[in-house]
Amino acid sequence: MSRRRRQTVAVLFGGRSVEHDVSIVTGQQIMRAFPAERYDVAPVYITRDGRWLTGEPLRELDNFTDDGVAQLDGVRACLLSPDTRHHGLIIQPLAGRFRKSEVKRVDVCFPALHGTHGEDGSVQGLFELADIPYVGCATLGSALSNDKIVTKVVLRGAGISVLDDFAFTREEWLARPDELLAGIQRAFDFPLFVKPATLGSSIGIGRADSPELLRASIDIAANFDRRVLVEPALADGIEINCSVMGFGSACQASTLEQPLSWDAFLSYEDKYLRGGEGMKSADRLVPAPISPSLTKRIQETSVAAFRAVDGRGIARVDYLVRPERDEIYLNEINSMPGSLAFYLWREDGFSASDLVERLTQLAIEAHVEKRRNIYEYQTSLVDLAARRGAKSGKGKA
Amino acid sequence: MLELLQLAPALIWLAGAWARVYRLARFYQIEEYMNRRFLRWQAASWRRLIPPRSATAWLAGWAMAWLAAADSSSAGLSLALSAAALIAVYPPRAGEIKRGLVLTDRLKRMLAASTLLCGLALVALLILGERVPAFARQPGMSASAGALVFLLAPLWLVAGNFLAQPVEETLRRRYLRQAAATLGRIDPTVIGITGSYGKTTTKHFLREIMSARYQTYATPQSYNTLMGISLAINRDLAEDYRTEYFISEMGAYVEGEIARICQLTPPDIAIVTEVGPQHLERFGSLENVKRAKYELIKSLGRDGVAVLNWDNPYIREMAAAGHPGRIIAVSRQLSLDEAREQGVDWLASEMEPSLRGLRFRATHLPTGESALLETPVLGAHNASNLLLCIAAARHEGVAMRDIVGRVRGLQPAESRLALSTTASGVTIINDAYSANPQGIVSALQTLGMNRAGGRLLITPGMIELGELQETENRRLGKLAAQHATDIILVGAAQTKPILEGIQSASFDMRRARVVDSLSEAVDWYRENLSAGDAVLFLNDLPDTY
């Protein structure tokens, strides 16, 4: 490179999602990890109700303790333009009649968003329209892995073992709950897990040991999502997580972890806030105390699953494992894991800076790969249609 | 009433002068508003300077007026003079027009000034005619004044241009400032390309190759002057924040021009394609050409990179002259050992030019990275152009496999050794744009590759080569005799050295003919060529030749 200009990375966090607060924490961690000498970080905070804001104060976690962040000095409304020529943010002017809105060029977008509107392919669609490289899975991989029901369908097709499930919609549940309850109990024995199809971070998930608890859990889950699934809970299973990073044929799996609060099931606060320093200090065993052969199998399965859902960038793949029976069941794929699974990659020699830089690099590589596609194809269709009098409605496509 | 009738002949002449100014503007534009070149073109032919029909009509009118002197104010005389004026100024039939007038804003301002000047000049002459006793009330005085205004039409054009200068200068400055601000805001990496020839082709190739990885903008067509590049920036780059690379073709007809362009678009990478006797007429000497192109290398910053065609001796001299940045040298002519010895970075080998395209291997000597490239682009000389692009693109981090893919999909720039086949099966090789001593060798070799049938060359020869023009054209003739089976030369005067060259190569002179216009040549080939034959259109001269 003859002249490498500093890359501008827009880190998006917050978002219209129940995981809004987790995303703020992840976003702050990511912004801190970028080395200032090579990267110019533009924070983009999406409020709970979907306003887009940018400005330096958004880089301070303390500024988010109350809801007044939008009123802070230096915080301005912005939007990510889908017009490819802007290639970045349009930032609204501060007060003043003669000020013009300005365009801030963005080299890479880094969505630190969890759950709906961030991890489900919707914001990725905007990046695609804007033609800006972005970190993490593309629209398909995000949307797919965000949905637990469809993920299982795809993974079964790829020969990866997953637990059986019983899926239904909220509409069906409201119309004939007893019929569904009977069906579930015919299919599985207690204990069971009830999950909304698309939420992460354990939100809306309930464990049921009895028909009464099952009914209550489904009621809760159906509040969070239109689609619900019920799975058997493996009483003798342990939870094992593995992160995957890469693009295409060059993917690698991380060291494994075993989250420790399995027996009492992690509550939301447990999972993210124990110790007050985010996810890093949640109780876990790293590396997970399982045999090398099982570890290897889980790592290989993780990469295969990542590729099966057209993953790219990073993901964390969660399993239920019965070590003594040598059984593994892939549970879910998180296309934007909390804290980027820093704590796992650290074990493999990646510092937080290494990780965000690698992910930024992967985003650019993926974008270069996309450039190999042809998007402009000259046809004379419009001329032809115009000549044939398409205006008068006589033309036929 | 009679007064008005007496003025009529002058007004007709004036209208004629206006029309002539407008007609001449096209040629003035082709000569890029350079007064000396334009006036020299005017003066080159008497018929052009003083149109014979106009002169005759004026003389006839004047004689009539003289004979009718006794009754100098009669309406009849005025009518006769008006008729003579009408005959004189009636526009001549336009010849072959290859490039029509482009009504730019600048030209409009200039034409307005010229039109105004014509009018003012006539009024001044008429007043003068009234005041000076020797002329006053002379028969045909007003008609003669009008005729003079008509005769001086080329001067009004030049004077109009001169008059509009201050306005142009102000607009120019504002425009340049705007372009500089735009470029600063978008802040792309700038790649400057210069050379006597091969610039546009190389720019076109490089844009395609760089686009494999980066959002790349290249100045369109031949926008290679300071104002052309500013125009491109202001028009295309202003709102385009995604642009990562800006490729700017820098042309020069005078020393200092490239330095000025570099001030506007400071290059991070400089590519020099070829230096040779192109536009020598305007530069004066090859030494000046060299100095002009060196300005690009000189403008590089400390961490700048110059990508140079090492096969060109003038460019090697430039490199020796010192430079602030790093040098990447490419060659397609040296052997591996020679290349190593001279520190060449990229070497082309295993060259296989054919009628279907070009194959060669590009090797990066310092690392040994190597790739076999295939392209539908014709002509061995394009291996040099491609090698320059490959060197620059690899330096900027474009992957070799992307380069290979892009090179395979390249199309020749329009009218630059482009191959097509007509419905009747005749292969047309179009190299109509600015032929040069390097390019013609490739072009003729390409023609020579057609073994399926006849090989026709149509060319008006090369121009603007200054003192080398005769020698180079004679060489063209000899080469043509080697590769072509039929030759049509367009225009007798400037193709004389070619004809001599052909003769000296003992070519069957019955198969060589000289015609007056391109359309005659085209007619001939339409009638005489059939499937399997190939025709090469080599160079296309501006209308001023």
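Leaving aside its neighbours within four places in sequence, with which residues is E257(A) in contact? In the predicted model described here, local features need pLDDT of at least 70 and side-chain atom pairs count only at pLDDT 80 or more, whereas totals for chains, interfaces and linings use all residues. Residues are numbered from 1 along each chain as its sequence is written, and chains are lettered from A and ligands numbered from 1 in the order in which they are written.

Once neighbours within four places in sequence are set aside, E257(A) is in contact with N241(A), R284(A), L285(A), V286(A), A288(A) and L344(A), where two residues are in contact if their C-beta atoms, placed from the backbone, lie within 7 Å. E257(A) belongs to strand β13 (residues 250-259) of chain A; helices (H or I, at least four residues) and strands (E, at least two) are DSSP runs, numbered from the N terminus. E257(A) counts as buried because it has 23 C-beta neighbours inside 10 Å, given that a residue is buried if 20 or more other C-beta atoms lie within 10 Å of its own, exposed if 12 or fewer, and partly exposed in between, with C-beta atoms placed from the backbone. One of the contacts of E257(A), V286(A), is joined to P287(A) by a cis peptide bond with omega near -5°, and P287(A) lies in the loop between β14 (284-285) and α9 (292-308) of chain A.

Chain A as a whole comes to 12 helices and 16 strands, and buried residues make up 42% of its 397 residues. Among the contacts in chain A with a separation of 6 or more, 65% are between residues 24 or more positions apart.

Strand β15 (residues 313-322) of chain A is largely enclosed by the rest of the structure, because nine of its 10 residues are buried. Strand β12 (residues 238-247) of chain A pairs with β15(A) in the antiparallel sense over nine bridges, where two strands pair if DSSP finds at least two bridges between them; within this pairing, V244(A) stands opposite A315(A). Strand β15(A) is also joined by seven bridges to strand β16 (residues 327-334) of chain A, again in an antiparallel arrangement, and the bridge partner of R316(A) in β16(A) is N334(A). The hairpin of β15(A) and β16(A) has four residues between the strands, and D326(A) takes a positive phi near 60° there.

An open sheet in chain A is formed by seven strands in the order β6-β5-β4-β3-β2-β1-β7, with mixed pairing. Strands β6 (102-105) and β7 (108-111) of chain A stand at the edges, each with a single partner strand, so one side of each is left without a neighbour in the sheet. Within chain A, strand β4 (residues 76-80) and strand β5 (residues 88-91) pair in the antiparallel sense over three bridges, and C78(A) has I91(A) as its bridge partner in β5(A). In the loop between β7 and α2 (122-130) of chain A lies H117(A), which has a positive phi of about 60° although it is not a glycine.

In chain B, nine strands form an open sheet in the order β2-β3-β1-β4-β5-β6-β7-β8-β9, and the pairing is mixed. The edges are held by β2 (216-218) and β9 (369-375) of chain B, each with a single partner strand, so one side of each is left without a neighbour in the sheet. Strand β1 (residues 189-194) and strand β4 (residues 269-272) of chain B run parallel and are joined by four bridges, with G192(B) opposite A270(B).

The largest nonpolar core has 109 residues, and those with the most contacts inside it are I209(B), V307(B), V330(B), L387(B) and A392(B); such a core is a set of buried Ala, Val, Leu, Ile, Met, Phe, Trp, Tyr and Cys residues joined through C-beta atoms within 7 Å. Helix α16 (residues 381-395) of chain B gives the largest share of this core, nine residues. Apart from this core lies another, of 76 residues, among them V75(A), A130(A), I132(A) and V309(A).

Between the chains, 16 residues of chain B are in contact with 13 residues of chain A. The model scores ipTM 0.72 and pTM 0.74.
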